Amino acid sequence: MNPHTQTKLSRRRLLQTGGALAVYFSLRDPLDALAQGAPPPKLPGSLDKFPLLDSWIKIDANGAITVFTGKAELGQGIKTAFIQLAAEELSVEPGDLTLVTADTGRTPNEGYTAGSHSMKDSGTAIQNAAAQVRGLLLDLAATRFNMPREQLKPQRGTVVAADGRVLRYAELVAGLDLHRPAVPGAPKADPKTYTVIGKPLPRVDIPAKVTGGLAYVQDMRPDGLVHARVVRPPNPAAKLKALDSQPVEQMPGVIKVVRDGSFLAVVAAGEFQAIQAMNALSSLAQWEGQANLPKQANISDVIRALPAQDTVILNQGSLGQASGRALKATYHRPYQMHGAIGPSCALAQFKDGTMTVWTHSQGVYPLRDSLAELLRMPKEQVHCIHTEGSGCYGHNGADDAAADAALIARAVPDRPVRVQWMREQEHGWEPYGPAMVTEVQAALDADGKIADWQYEVWSNTHSTRPGGAGNLLAALHLAQPFAQPAPTPIPQPEGGGDRNGIPLYAVPNARVTSHFIPAMPVRVSAMRGLGAYMNVFSIESFMDEMAALAGTDPVEFRLRHLEDTRARDVIALAAKEFGWKPNEPLPKGRGRGFAFARYKNLAGYAAIALDVEVERETGVVQIGRVVAAVDSGQVVNPDGIRNQIEGAIVQSASWTLYESVGYSEREITSRDWGSYPILRFPAMPSKIDVHIIDRPGQPFLGTGEAGQGPASAAIANAVASATGVRMRSLPLSPARVKAAIGI
Amino acid sequence: MTELIVNGERHTVDVDPATPLLYVLRNELKLNGAKFGCGLGQCGACTVMLDSDPVFACLIPIVAVDGRRVRTVEGLGTAEHPGPVQRAFMDEQAAQCGYCIPGMIMRAQALLERKAGASEDDIRQHMEPNLCRCGTHMRILAAVKRAAVTMRSAEKPSRQREAGR
């Protein structure tokens with residue numbers, strides 16, 4: 001339904017009600033603007049798609065308030081931040097609210113919880129909806145008290161009149177109709193008066209998580225639960241040739257072997273029985289077909305040689321005019337994995353013609369649509385409920401496990417089925433973050449500023465999220481398989497492989513080309529930050545190389561090319577708090593690095609300074625002190641922002657120093673934490689300090705993906721500072737560092 | 001039949017003796033704390049205490065814990081009355097997704113019971129077997145350090161009392 005049609009209809013309804021309500025709304029009537037031929041005003045955040053107030057907030061007859069979001073808690077703390085927003089604007093205590101997250105039966109369809117969009121989309125919607133609900137409650141109270149609104153004050157779930165009379169929200173709800181569209185420009189609380197927003201409210205989900213409460217989909221045990229395990233092919237090209245499943249069907253506890261083409265699973269009463277049956281099935285199954293993976297050592301050449309769709313995403317000035325010194329460099333990123341600590345899991349139950357799926361997917365609505373296609377069922381009969389899982393960091397096995405669960409549940413109707421992937425399945429079958437190559441060349445002008453900038457990035461897609469049954473792993477293995485939808489690039493300004501491919505720096509002559517490669521040698525999808533991680537690694541490494549060429553301090557060199565004052569502010573703050581001094585002499589083996597980015601060039605700003613020590617004999621890089629400065633707009637929960645940035649730095653340090661998916665020409669060889677090592681406690685930085693610049697009243701910019709790019713380049717720049725050698729291939733593993741410094 | 005003592009309570013379970021302790025805790029005893037992470041002893045998400053040692057519940061067959069004392073994060077306290085290590089994790093807000101945290105808490109608990117004055121370096125080395133993917137490590141370290149302080153100061157008066165007797 002068109003939101004503006006709804007606005008028009010409801011205006012009529014409002015006018016009919018007369019009195020204070022009509023006055024309140026006519027002051028900010030969007031139709032006045034329409035009448036003058038202006039485009040219909042946009043509603044803030046996801047309210048624009050779901051303008052009805054009761055899509056976001058409901059108050060029952062007892063005054064109990066429920067807030068709805070289409071976004072999901074992934075461990076990033078959004079439940080707490082959303083509760084803070086609603087509590088502030090509704091003038092209630094955070095504990096007085098109930099928040100319902102992503103559920104196709106209850107919440108708005110806000111797509112995926114991804115791209116650092118949650119605060120911007122859903123947080124903005126909840127804040128504005130809550131502010132409007134408070135306005136409606138005040139209007140109702142004004143009528144009841146027969147007093148002007150100005151003499152009323154909302155206070156902890158009540159409206160207090162200047163003469164001391166008090167009405168509880170519960171006493172006002174009888175007259176409250178929230179099934180009405182939001183209006184643009186409704187007043188919100190003044191940031192100067194905030195008592196909940198901007199405060200480090202403890203996370204609402206942490207008490208259950210540290211005491212063994214029911215916190216994850218893995219923890220669900222509905223009555224009659226049965227356990228399932230899948231048996232995957234030995235490689236992506238293998239087909240199930242033959243299977244005598246009878247011995248497995250005789251095993252204790254086994255309820256059913258489910259087979260559809262090459263999709264193979266087993267259901268058992270007990271979890272360990274399911275695992276034993278899975279192992280038995282695996283040894284009985286005969287497969288045929290060999291994968292043909294590229295040589296790992298050549299992956300950059302393979303990627304660059306594949307057919308590409310080229311898009312020039314920036315073309316300004318005229319290249320080739322610069323007379324000064326020039327540099328050219330190529331950077332490489334391997335496949336890297338999300339690597340959730342808890343492998344993917346889902347529960348599904350097929351009962352009375354409805355498929356209910358409890359999933360840690362980042363997008364319950366797109367998953368619902370894809371499952372409906374997979375199961376050949378009407379969408380209305382598929383219900384997806386987000387239930388937390390282990391941290392995902394993008395599109396991991398969550399959706400695929402949900403599809404497995406749904407297929408298996410259909411084969412054992414009525415019973416709730418729990419599918420838990422094994423570690424080697426998560427490592428081997430999750431869609432990885434794509435391998436990428438970038439190439440950059442730039443030239444200085446006579447003043448030591450960049451005059452020419454040419455940048456190219458080669459990448460597969462950064463999203464094969466469902467979007468279509470064919471993006472669900474099991475769908476490829478069915479007897480009647482679904483075709484994998486053709487991958488498409490995510491367009492600028494957000495971008496996919498070319499996310500952050502355009503430098504934020506002022507360069508007069510520039511061309512940036514995005515080479516989108518449709519063919520995927522290895523299944524890939526969205527991993528935290530998408531192309532931004534690699535593009536920021538490349539650009540910010542290269543900025544240091546150019547600074548050295550110009551004989552300028554890297555921080556000063558960045559500031560020289562930046563006009564955006566908020567960008568300059570985070571850089572200045574990080575440099576100051578770190579104690580960055582140009583040309584500071586450092587002990588042998590020690591280095592320091594700096595990097596900056598504004599995520600997607602339109603979201604959160606982050607600058608990071610850090611120091612490292614490189615052990616020459618082993619090539620081990622030990623990170624010392626890290627200082628970050630971040631601007632995410634209006635701060636809702638400062639501790640939430642700190643937690644996200646600390647996590648970004650540590651996770652990026654792990655990607656940058658250790659991580660690369662291993663594969664032979666026949667199979668993925670990174671099947672566990674031994675063959676895919678990540679950062680462990682002894683290698684942690686000595687200290688991480690995060691400094692936040694609050695921007696009261698400014699839009700939320702999001703934080704979850706702001707730090708990964710800058711952290712990677714700050715590390716590479718520090719390693720270059722420590723060793724005198726520039727490393728351009730990720731990861732900066734001990735073996736590579738050793739080789740680079742010639743030990 | 002296998003008898004095990006979990007968080008001070010005696011239980012008798014009738015499962016295949018090869019069943020790893022993890023599945024018995026989670027399914028037969030319905031305890032959520034110990035998590036499945038790898039089943040290989042590589043990540044520590046399933047860490048529980050067996051007598052006074054941190055162990056990987058995913059590797060230990062139930063038959064090997066017959067009659068021994070098992071402790072899980074549920075045994076340390078509740079959301080309303082958390083134990084000192086749980087309290088420290090709450091105070092430091094030491095979780096993102098939180099999936100690894102019960103294992104972290106149990107490994108830390110084992111260290112601090114043995115060595116209340118554990119140093120930062122002790123803690124970093126001791127926590128090495130447990131993986132976190134969200135990058136919450138700095139807060140986990142801060143929480144364990146905080147718990148070390150509270151557990152030490154709780155220990156001192158009782159020692160003094162004992163000495164005074």
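Guide: Let us start with a term: buried area is the accessible area that two parts lose on being put together, summed over both. Please keep in mind that the model is predicted. Between domain 2 and domain 3 of chain A, about 1,300 Å² is buried, and carbon and sulfur atoms give 50% of this area. On the side of domain 2 of chain A, the residues that lose the most area to domain 3 are A:Tyr393, A:His395 and A:His427, together 42% of what that side buries.

Visitor: Where do the bounds of the domains of chain A lie?

Guide: Domain 1 covers 3-205, domain 2 covers 217-289 + 338-429, and domain 3 covers 436-462 + 497-741. The centres of domain 2 and domain 3 of chain A, taken over C-alpha atoms, are separated by 37 Å.

Visitor: What makes the pair A:Asp400 and A:Arg523 a salt bridge?

Guide: The cut-off is 4 Å between a side-chain nitrogen of Lys or Arg and a carboxyl oxygen of Asp or Glu. For A:Asp400 and A:Arg523 the N to O distance is 3.0 Å, so the pair is a salt bridge. The rule finds one salt bridge across the interface of domain 2 and domain 3 of chain A. Eight residue pairs are in polar contact between these two domains. Helix H13 (residues 423-429) of chain A supplies five residues, the largest share of the side of domain 2 that touches domain 3.

Visitor: Why is A:Gly724 called exposed?

Guide: Exposed means over 50% relative accessible area. A:Gly724 has 67% relative accessibility, so it counts as exposed. A:Gly724 is found in the loop between helix H18 (708-723) and helix H19 (734-740) of chain A.

Visitor: How many residues of chain A and chain B are in contact?

Guide: The contact joins 64 residues of chain A and 55 residues of chain B. The two chains bury about 4,700 Å² between them, with 56% of it on carbon and sulfur atoms. There are five salt bridges between chain A and chain B, and 36 residue pairs in polar contact. H17(A) gives the most to the side of chain A that touches chain B, with 10 residues. That side of chain A divides into 26 nonpolar, 21 polar and 17 charged residues.

Visitor: How do you know that B:Arg26 forms a salt bridge with A:Asp219?

Guide: The closest N and O atoms of B:Arg26 and A:Asp219 are 2.8 Å apart, within 4 Å, so the pair meets the rule.

Visitor: And within chain B, what makes B:Asp53 and B:Arg114 a salt bridge?

Guide: Their closest N and O atoms are 3.8 Å apart, which is within 4 Å and therefore counts. The count between domain 1 and domain 2 of chain B is two salt bridges. Domain 1 (1-75) and domain 2 (77-165) of chain B have centres separated by 21 Å, taken over C-alpha atoms. The two domains of chain B bury about 1,400 Å² between them.

Visitor: Which residues of helix H2 of chain B are buried?

Guide: In helix H2 (residues 84-91) of chain B, the buried residues are B:Val85, B:Gln86, B:Ala88, B:Phe89 and B:Met90. The label needs a relative accessible area under 20%. Just after H2(B), B:Gln93 takes a positive phi of about 50°.

Key: Residues are numbered from 1 along each chain as its sequence is written. Chains are lettered from A and ligands numbered from 1 in the order in which they are written. This is a predicted model: local features need pLDDT of at least 70, side-chain atom pairs count only at pLDDT 80 or more; totals for chains, interfaces and linings use all residues. Side-chain values use heavy atoms; hydrogens and water are left out. Domain bounds come from an automatic or database domain assignment. Buried area is the accessible area (1.4 Å probe) that two parts lose on being put together, summed over both. A polar contact is a pair of N or O atoms within 3.5 Å; within protein, one must be able to donate a hydrogen and the other to accept it, and residues adjacent in sequence count only if both atoms are side-chain atoms. Helices (H or I, at least four residues) and strands (E, at least two) are DSSP runs, numbered from the N terminus. Buried means under 20% relative accessible area, exposed over 50%, partly exposed in between (1.4 Å probe, protein chains only). Contact means heavy atoms within 4.5 Å. Ala, Val, Leu, Ile, Met, Phe, Trp, Tyr, Cys and Pro count as nonpolar, Asp, Glu, Lys and Arg as charged, and the others, Gly among them, as polar.
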